[in-house]
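Student: Could we go through the structure below and ask, for a few labels, what makes each one apply?

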Amino acid sequence: MSLLVFLFCFSLFLGVNTKPYEADAPSCGYDACPEADPSALNVHIVPHSHDDVGWLKTLDQYYFQDVQNVISSVIVALKLNPERRFVQVETAFFKLWWSRQNDIIKEAVQNLVNNGQLEFINGAWSMNDEAAVHYQSTIDQFTLGLRYIEDNLGRCARPKVGWQIDPFGHSREQASISAQLGFDSMFFARLDYRDKNRRMDDKTMDLLWRGSANLGNNADIFTSVLYQHYSAPGGFCFDIVCNDEVIIDDEEDPDYNLEKRVGEFADQMRDRAEHYPTNNILVTMGDDFRYEAAMTTYMNLDLLIKGFDLFEQTYNDKRIKVFYSTPSCYTKAVNDYVNSNNYNLELKTDDFFPYADGTNTYWTGYFTSRATSKHFERQGNNLLQVSKQLAANAQGSYDNEQINTLKEAVGVMQHHDAITGTEKQHVANNYYLRLSRGMQSAADAAGQVLSNLITGDDTNLEFDSCLLANVSACTQTESDTFTVAVYNPLSRTQTAIVTLPVFDQQNYQIRDPDDNDVPYQLDASLTDFSYVENARTSQTTLQFAAKDLPPLGFKVYRFSAADKQPKSNPLLKKTPNLSVGYEETSFEISEQTGLLESITMNGVTLQVTQDFQYYTSQNSSGAYIFVPVETDPSRVAGGPITTTLVSGDVSQGVLQEFGSWARQFIKVYNDDKSYIEFDWIVGPLDISDGVGKEVVSKFSTPLETNGQFYTDSNGREVLQRTRNSRPDYDYTDEQPVAGNYYPVTSKIVIEDDDVEFAVLTDRSQGGSSINDGEVELMVHRACQHDDGRGVGENLNEQEFGDGIRVRGKHFLVLGPKGGNGDKSIAAVERDVAQRKLLSPWTFVTKQVDNLNNLQFSGLKNSLPDNVQILTLEPWSENTLLFRLEHVLENGEDDNLSQEVTVDVSDLFTLFSITELKETTLGANMLLEENVRLSWPGSSTTDDQVEKRDVDDLTVTLQPMQIRTFLATVSYN
Ligand SMILES: [Zn+2]
C-alpha cells in the first residue's frame with residue numbers, strides 16, 4: 001500500500017479533519033513521562049481543574065464564566081515552561097473552547113499534546129455518575145467524547161486513564177468499561193470512610209480492580225484512591241481563589257520562606273507515603289474550577305519543585321523527588337515498580353457502593369433524587385438509539401446535527417450532578433431544556449427516515465412522539481383519524497403494549513399492516529391530569545398490543561373513529577375481592593385491605609403484598625444523603641385502600657388508590673404475561689408539616705432470604721448484597737436503612753432455595769431488602785433541608801404550583817429458580833429489562849395518506865435471544881459503528897449463557913456488511929493497537945487477543961462480552 005493510500009485510509013478511520021496547522025513530531029504517551037527514580041520517593045504533582053458540566057451554575061454559565069479562562073490560561077502557562085503539565089477531562093467543555101480558537105492557538109495546543117504536557121484523561125463528554133447511569137449511555141458518552149478528541153487532536157490525545165474523581169461511589173461496571181476502553185488505570189476520591197481508613201492502614205489505596213465476574217482479567221484495571229479528595233495539600237493551594245502562604249525564594253526578603261515551605265510540604269509527603277504501596281505518590285494540585293489564572297499556581301509550584309533540589313528531603317533514607325506529572329505517568333511508575341518488585345496489588349472484585357463520608361451520612365438519597373429526570377434521561381437514550389439506527393439504515397452521516405444535539409444532551413445528563421439530581425433547580429431546568437430540544441430534533445430526524453420508508457418517497461409525515469402521553473396529552477390523537485408507527489429498536493421480534501391518550505371516549509377501528517382489526521382497551525387515565533398546564537389532557541387511555549414487531553423495524557397502525565355505539569361501559573367496573581389476570585400469570589387482591597395478596601407466575605404461587613410507605617427525613621437528608629428518622633416507614637394510606645377492577649381485551653388489572661397522593665394500576669397483559677406491571681403515580685409530597693418524606697414501594701414475601709439480595713451494576717452484571725455487611729471492611733450498622741441502600745439501575749432480586757422474585761424498574765432508583773423476604777424501591781423524595789454537600793438547596797421539586805408528581809412503572813417477575821421450562825427466570829428478567837430499556841418507540845401523525853409500506857424489518861432475521869445490537873450508527877462514509885453484546889452472564893441460563901456465534905454477512909435488509917474492523921469499546925482505536933500495561937496477578941493483554949478473531953463476518957461472543965466494530969457497508 002502506498003503511503004498516500006495508507007494516509008488516506010488512516011484519516012478515514014479516524015474521521016480526522018485536515019488540520020490547518022503544523023505541529024511538532026509527537027513524543028507523547030508513556031515516552032513523554034518524567035522519569036521516576038527507583039531509589040527515591042517520587043511525588044507526582046498533578047495540576048487539574050474539576051469542571052462540572054453543570055451543578056451550581058449551568059453548563060454554559062460555567063463555561064463562559066469560568067472554564068474558558070481555565071483552559072486558555074493553562075495553555076499560556078504550559079508554553080512558558082516545558083516541565084509543566086495539566087490534565088484536561090470534560091470533552092463537553094473542551095469542544096466549546098476548541099471550536100472558538102484560531103489556528104495559532106490550535107497549533108500550540110497540538111504541540112502541548114504531542115509533547116505530553118497537556119494530557120487528555122477520561123475524555124468522555126462528562127464525568128459520569130456511576131450509580132444511576134445505564135451502561136449503554138456510559139459507553140455512548142465515552143464514544144462521543146473520545147471521537148471528538150481523536151478527530152481534532154489525534155492519537156497523542158487518546159486518554160489512557162479513567163478520572164472519576166468526584167462521583168459519589170463507584171460501580172464495578174465503570175471499572176469494566178474503563179478497562180475495555182483500553183485504559184490502564186482509574187482514579188477516584190470518594191469511598192466509604194471505613195473502607196478508606198482500612199486501605200490507608202493496609203497500604204491498599206492502590207489496588208487492582210476486577211470489573212467483571214465474566215470477562216476475567218480483560219476487565220481488570222489498576223485503581224488508585226486519591227489521598228485527600230482531589231484538592232491541593234492543606235496549606236498549598238496557590239490558586240488565585242486561595243489564601244495560602246505563597247512561596248518567596250528571595251533570601252534577602254524578610255519573608256523568605258522557601259526552605260520552610262519545602263519542609264512543610266515534605267512532612268505531608270512523608271505522611272502520605274505511609275499509605276501507598278510503592279515509592280510513588282500522586283498529589284492533586286487543583287479543585288473545582290481552578291486555574292482561571294493558572295500562572296499563580298504554576299509559578300509557586302515551579303519554586304516548590306526547585307526547592308526540593310536545593311534542600312534535599314528524605315523519607316526512610318530515600319530522597320523525595322518532586323516533579324510535574326500526570327495520572328498516566330503515575331500509573332506507569334507504579335506499574336514499573338510492581339513489575340520489577342513482583343508486587344501483587346490487592347485484587348478487589350465487588351464495588352464501592354454505597355458511599356458514606358461519615359457515621360450517619362450515606363449518599364444513598366441521590367439514587368432516587370429527581371425521580372422524573374432519571375426517567376426522562378432513560379427516554380432520551382431510548383430515542384437516541386432509535387434515531388441512530390434509523391440514520392444508519394438511511395445512509396446518514398455522523399455529522400447529523402439533529403442527532404448530535406441529542407447525543408450531547410444525553411452525554412451531559414450522565415454527569416455526576418445531572419442524572420444524580422444533585423444540581424440546583426435552575427440547572428436541572430437547563431438540563432431538561434437541552435434534553436427536550438435534543439429529543440425533539442432527533443425525533444424529527446427519525447420521523448423523516450420513517451416517513452421515507454413508509455411513503456417510499458420524500459414525503460414527511462410529520463410524526464410526533466407524544467412525549468406528554470404519560471400525563472395523558474397528545475395533540476395527534478385528538479383527531480378522528482390518525483396513524484401510529486411503532487418502531488422496535490431491539491434485534492429480535494417483540495410484542496409491545498402501546499398506550500395513548502384518546503379524547504371524547506370514541507370508539508376506534510384500528511387496522512394493522514395486514515388490514516386486520518386490532519383489539520384495544522379503553523381505561524380511565526391513571527389519575528386526573530387536568531392540573532397539567534398548557535396541555536389538553538384526556539380522561540381516557542387506549543392500549544393495544546403491537547404484536548411481533550420486526551427487529552430494527554416497524555409496523556404502522558391506522559386509527560379511525562368508529563360509528564358504532566361505544567362498547568358497553570368501556571371504563572371502570574367496580575368489583576371487590578378478586579383474582580385478576582390469566583391462567584399463567586395472575587394476582588389476588590385482598591378483600592379486607594385492598595392490597596396485593598399473592599401472585600402466580602411461571603407455575604409458582606407466592607404470597608406477596610405491596611404497599612406505598614414513606615420514611616420521614618432527618619434534617620441531614622437531602623439531595624445526596626438519605627437519613628430517615630425511623631426504621632419502619634409509615635403507610636401512605638391510613639386504612640384499607642380503594643380498588644377498582646379494570647379489565648378488557650388487552651389487560652386484566654386493578655386500580656388502587658392509596659389516599660390522595662398515590663395510586664397505581666396493577667396489570668397483566670394478555671399478549672405479554674412475562675411480568676406483572678405496576679404503573680404508579682406518587683405525589684405531590686406535602687412537607688408543609690416541616691418534615692421531608694421519602695416514599696418507597698415495598699414488596700413483602702415469606703421468602704427466607706437470610707439477609708441476601710441482588711442488585712445490578714449499571715444495568716449489566718448482578719452483584720450480591722448482604723444486609724449490614726461489606727466484603728471489604730468491618731461494617732457498623734448505625735444506619736440500618738440508609739446504609740443498606742444500593743443503586744438499582746434495572747433490577748433488584750431476592751430468592752430462597754426454590755423461588756426467585758425480581759422487581760425491574762423503568763429508571764434508576766435506590767433499593768434494598770431491609771427485612772428478609774422484602775424488596776423496597778424508593779420512588780420519590782422531598783426534603784425540608786439542604787444536606788450540606790454543596791448544592792445549597794433543599795430537594796423539593798415543584799410544578800404547576802404544587803409538589804411534583806412522579807409516575808413510573810415496576811415490572812414483577814417470579815418463578816422457580818430452575819426456570820419455567822423454556823428459560824431461566826434470570827433470562828426472563830434479562831428479556832424484560834431489555835424490552836423496557838429499548839421500548840418500541842411510538843410515532844403518531846394525523847396524516848393518513850401515502851402509507852405505502854406498512855411494515856419494515858431492518859434485519860433479515862431476529863438475532864438469538866442472548867445477543868443484542870448495542871450500537872448501530874453512522875460513523876464515516878460507508879462505515880457504521882456496530883456493537884454486538886452478549887446479554888447474559890455465565891450461569892444464568894443453561895442454554896443462553898453459552899458462547900454464541902452470529903453471522904453478520906447477510907443480516908441487514910438495506911445494506912450488507914463487507915468488512916469488520918474491531919476496535920476498543922470507545923471505537924477510538926483499533927483493537928490491535930491497544931496495548932495495555934500488565935500487572936502481577938493479572939495478565940490482561942494475553943487473553944484479550946484470544947477469542948477476538950472475526951472469520952468470514954461471523955462474530956463469537958462470550959457471556960457479557962461486548963465487541964465493537966467499524967463495519968464497512970454497501971447499501972442496496
Ligand atoms: Zn463534580
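Student: Why is Asp 504 called exposed?
Tutor: Asp 504 has 58% relative accessibility, and exposed means over 50% relative accessible area, buried under 20% and partly exposed in between (1.4 Å probe, protein chains only), so Asp 504 counts as exposed. This is a predicted model, in which local features need pLDDT of at least 70 and side-chain atom pairs count only at pLDDT 80 or more, while totals for chains, interfaces and linings use all residues. Residues are numbered from 1 along each chain as its sequence is written, and side-chain values use heavy atoms, with hydrogens and water left out.

Student: What makes Arg 536 and Asp 504 a salt bridge?
Tutor: A salt bridge needs a side-chain nitrogen of Lys or Arg within 4 Å of a carboxyl oxygen of Asp or Glu; for Arg 536 and Asp 504 the N to O distance is 3.3 Å, so the pair qualifies. Arg 536 itself, at 40% relative accessibility, counts as partly exposed.

Student: Why is Glu 929 called partly exposed, and what is its partner?
Tutor: Glu 929 has 24% relative accessibility and therefore counts as partly exposed. Glu 929 forms a salt bridge with Arg 158, with the closest N and O atoms 3.1 Å apart. Arg 158 is buried, with a relative accessible area of 12%.
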